[in-house]
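Here are my notes for you, point by point. Keep the sequence and the 3D view open while you read, and look up each residue as it comes along.

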Amino acid sequence: MHSKQAISAMVAVGMATGAVAIGCSDATITISSPADATTLASCDTVKGDVVIATGAGSTIDFSGDLTSIGGDLTCQHNGGLIQLSSTSLESIGGAFHLENITMMSTLKFTALESVGSISWQSLTALGELTFGTPGVTKAESVVIADTFLSSLDGINVRSLTDMNINNNRRLTDFSTQLSNLTNVLNINANGLNLKVDLPNLEWIANMTISNVTSFSAQSLAAVNGSMRFDSNYFESVSFPNLTDVQTGDFSFVSNPKLANLTAPLLTKIGGGFIIANNTALEELNGFAKLETVGGAVALRGSFSEISLPALDDVKGTFTATSTGDIQDSCDVLDELSSDGGNGDIQGTYACTSNNTNANNDTSSTGSTGGGTSNTDSGAFHLSSSISTIVTLASLAAMVSAFL
Ligand SMILES: *[C@@H]1O[C@H](CO)[C@@H](O)[C@H](O)[C@H]1NC(C)=O
Ligand SMILES: *[C@@H]1O[C@H](CO)[C@@H](O)[C@H](O)[C@H]1NC(C)=O
Ligand SMILES: *[C@@H]1O[C@H](CO)[C@@H](O)[C@H](O)[C@H]1NC(C)=O
Ligand SMILES: *[C@@H]1O[C@H](CO)[C@@H](O)[C@H](O)[C@H]1NC(C)=O
Ligand SMILES: *[C@@H]1O[C@H](CO)[C@@H](O)[C@H](O)[C@H]1NC(C)=O
Ligand SMILES: *[C@@H]1O[C@H](CO)[C@@H](O)[C@H](O)[C@H]1NC(C)=O
Ligand SMILES: *[C@@H]1O[C@H](CO)[C@@H](O)[C@H](O)[C@H]1NC(C)=O
Ligand SMILES: *[C@@H]1O[C@H](CO)[C@@H](O)[C@H](O)[C@H]1NC(C)=O
Ligand SMILES: *[C@@H]1O[C@H](CO)[C@@H](O)[C@H](O)[C@H]1NC(C)=O
Ligand SMILES: *[C@@H]1O[C@H](CO)[C@@H](O)[C@H](O)[C@H]1NC(C)=O
């Protein structure tokens, strides 16, 4: 193998006179030409990083003997690259980092299965991935931002720490085999018709989902932190298997078409229960088993009915308010705050009808003022401005934290 590599290195020198030869064991291998890529392809494995330089050419292909890169594979701020490919590469130990490559239309890695992390940003001409089936099945984190991709087929990871899919304007379908995620799933500001389906997801630490047209997670049984859904376009969402939101909030804010929200097995919310400014949601009666809320309950909307038949323990404030008449519901809910209910609500209690401003307050706090409002639900707070955390700047910070 050594002699083959040495010959490759000599060939490289011969082909690009004056260029520095590539060695398979270099700590950083810089690809400055298509010929360098050919040399790289003749290594069986490389332990270090591979960097594709600006000006390396329009087509970089390192298909050949190379199956594994131990470090990162990086290409940034490259306006000339059109095609990046390898049909032999199976794993990247570090980050697969592609950023600001605005002409690249082909990303072809048909053998790639395992990546330390995927971090792709500003690949504005990339319309599809040419990956194998099932494609990448192992990765720690995945960030895909500002691409022209219409699907993420080829990324089929089952277990992740983080996933952030944002500003992919053409993305319409995202269906993945993901079964658990240990930190945060963030889906925001993608195509206006994005359908998200996570059929195998069993538990997730936190998720913030915005601007999606449908959302389905039929197997989801537990959320360890918070779940937040802001400014989505779906009419109906159900969590048929969800029993427990362990430490954070269950929050639906400003989803203008939402008319049916159900979590029939949900018994406990560790943080706040926030349903606000979903103006089409008239009946809030899909939480038949909800017993315990560790934070505040804030239900503000255009309700005609609110029914929480099993609720018997609220640590924070309880606010229910509607633009419409919910007097019948209030008559039942009032029992929770009376002594007969054994002080089921520890914070202040209010239930009001005919409140023209009921949809104006989208905060996660109790709005009745004073009292022992428990608004610190132990999770992250971003109810009113999810979009601010998903700026590309913060994304860059997140990305570098993973590298
Ligand atoms: C993106 O890359 C181009 C070169 O192709 C460069 O001129 C530009 O400054 C880069 N943009 C950013 C935001 O880094
Ligand atoms: C997470 O999902 C993976 C893949 O399905 C599975 O092997 C692993 O056991 C799961 N971990 C936990 C803690 O549930
Ligand atoms: C989340 O909750 C599930 C179900 O209780 C548990 O199996 C999993 O280990 C928890 N994950 C984290 C990161 O706490
Ligand atoms: C719902 O949860 C139960 C028990 O946790 C599990 O056996 C069942 O397969 C789940 N259903 C779906 C559709 O995932
Ligand atoms: C996600 O949820 C966990 C609880 O499982 C929590 O400890 C953690 O701080 C949360 N992460 C973020 C970024 O909110
Ligand atoms: C609301 O959604 C649930 C679960 O999908 C469904 O069973 C129920 O019939 C729906 N209710 C209405 C009024 O559409
Ligand atoms: C709400 O307004 C309607 C129509 O004005 C009125 O009939 C009803 O009594 C009001 N309800 C409450 C609780 O004030
Ligand atoms: C509440 O929102 C309505 C409709 O957007 C608006 O007309 C009204 O002025 C708002 N009220 C307050 C107190 O901001
Ligand atoms: C309520 O939701 C509507 C529609 O999504 C939005 O335009 C409005 O700004 C929201 N109101 C507040 C107070 O956030
Ligand atoms: C997308 O969601 C954010 C909240 O997370 C909201 O501010 C923004 O207006 C939404 N965009 C569209 C086009 O609905």
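1. Cys330 and Cys351 are both buried, where buried means under 20% relative accessible area, exposed means over 50%, and partly exposed is in between (1.4 Å probe, protein chains only). A disulfide ties Cys330 to Cys351, with 2.0 Å from S to S; the word stands for a pair of cysteine sulfur atoms within 2.5 Å. The link of Cys330 and Cys351 is left-handed, with -80 degrees about the S-S bond. This pair links distant parts of the chain: Cys330 sits in helix 3 (residues 327-337) and Cys351 in strand 33 (residues 349-352), 21 residues apart. Helices (H or I, at least four residues) and strands (E, at least two) are DSSP runs, numbered from the N terminus.

2. A word on what you're looking at. This is a predicted model, in which local features need pLDDT of at least 70 and side-chain atom pairs count only at pLDDT 80 or more, while totals for chains, interfaces and linings use all residues. Residues are numbered from 1 along each chain as its sequence is written, chains are lettered from A and ligands numbered from 1 in the order in which they are written, and side-chain values use heavy atoms, with hydrogens and water left out.

3. How many disulfides are there by this rule? The count comes to two. Cys24 and Cys43 form a disulfide too, with their sulfur atoms 2.1 Å apart. The torsion about the S-S bond of Cys24 and Cys43 is about -85 degrees, so this disulfide is left-handed. Here again the pair links distant parts of the chain, 19 residues apart: Cys24 lies in the loop between helix 1 (2-15) and strand 1 (28-31), and Cys43 in the loop between helix 2 (34-41) and strand 2 (45-46). Both Cys24 and Cys43 are buried. If you count bonded cysteines along the chain, the pattern is 1-2, 3-4.

4. While you're on cysteines, have a look at Cys75. Is Cys75 buried or exposed? Cys75 is buried, with a relative accessible area of 0%.

5. Now turn to helix 2. Six of its eight residues are buried, so helix 2 is largely enclosed by the rest of the structure. The buried ones are Ala35, Asp36, Ala37, Thr39, Leu40 and Ala41.

6. Let's zoom out for a moment. The protein has five helices and 33 strands. Of its 403 residues, 52% count as buried. The accessible surface of the protein comes to about 15,500 Å², and carbon and sulfur atoms hold 50% of that; such areas come from the Shrake-Rupley method with a 1.4 Å probe, and for residues only the protein chains shown count as cover. Among contacts (heavy atoms within 4.5 Å) with a separation of 6 or more, 32% are between residues 24 or more positions apart.

7. Val314 belongs to strand 31 (residues 313-314) and is buried, with a relative accessible area of 1%. Which residues does Val314 contact, leaving aside its neighbours within four places in sequence? They are Val293, Gly295, Val297, Asp344, Ile345 and Gln346. Take Ile345: it is 31 residues from Val314 in sequence, yet the two are 4.7 Å apart in space, C-alpha to C-alpha.

8. Asn168 is placed in the loop between strand 13 (159-166) and strand 14 (173-175). Asn168 is buried, at 0% relative accessible area. Setting aside neighbours within four places in sequence, Asn168 is in contact with Ile144, Ala145, Asp146, Thr147, Ala189, Asn190 and Gly191.

9. On to ligand 3. What surrounds ligand 3? Trp203, Ala222, Asn224 and Gln246 do, going by heavy atoms within 4 Å. A polar side-chain atom of Asn224 lies 2.3 Å from an oxygen atom of ligand 3, and one of Gln246 lies 3.0 Å from an oxygen atom of ligand 3. On its own ligand 3 has 360 Å² of accessible area, and the protein covers 48% of it.

10. A polar side-chain atom of Ser219 lies 3.0 Å from an oxygen atom of ligand 4, and for Asn241 the distance is 2.4 Å. Ligand 4 taken alone exposes 360 Å², of which the protein buries 30%.

Technical notes. A polar contact is a pair of N or O atoms within 3.5 Å; within protein, one must be able to donate a hydrogen and the other to accept it, and residues adjacent in sequence count only if both atoms are side-chain atoms.
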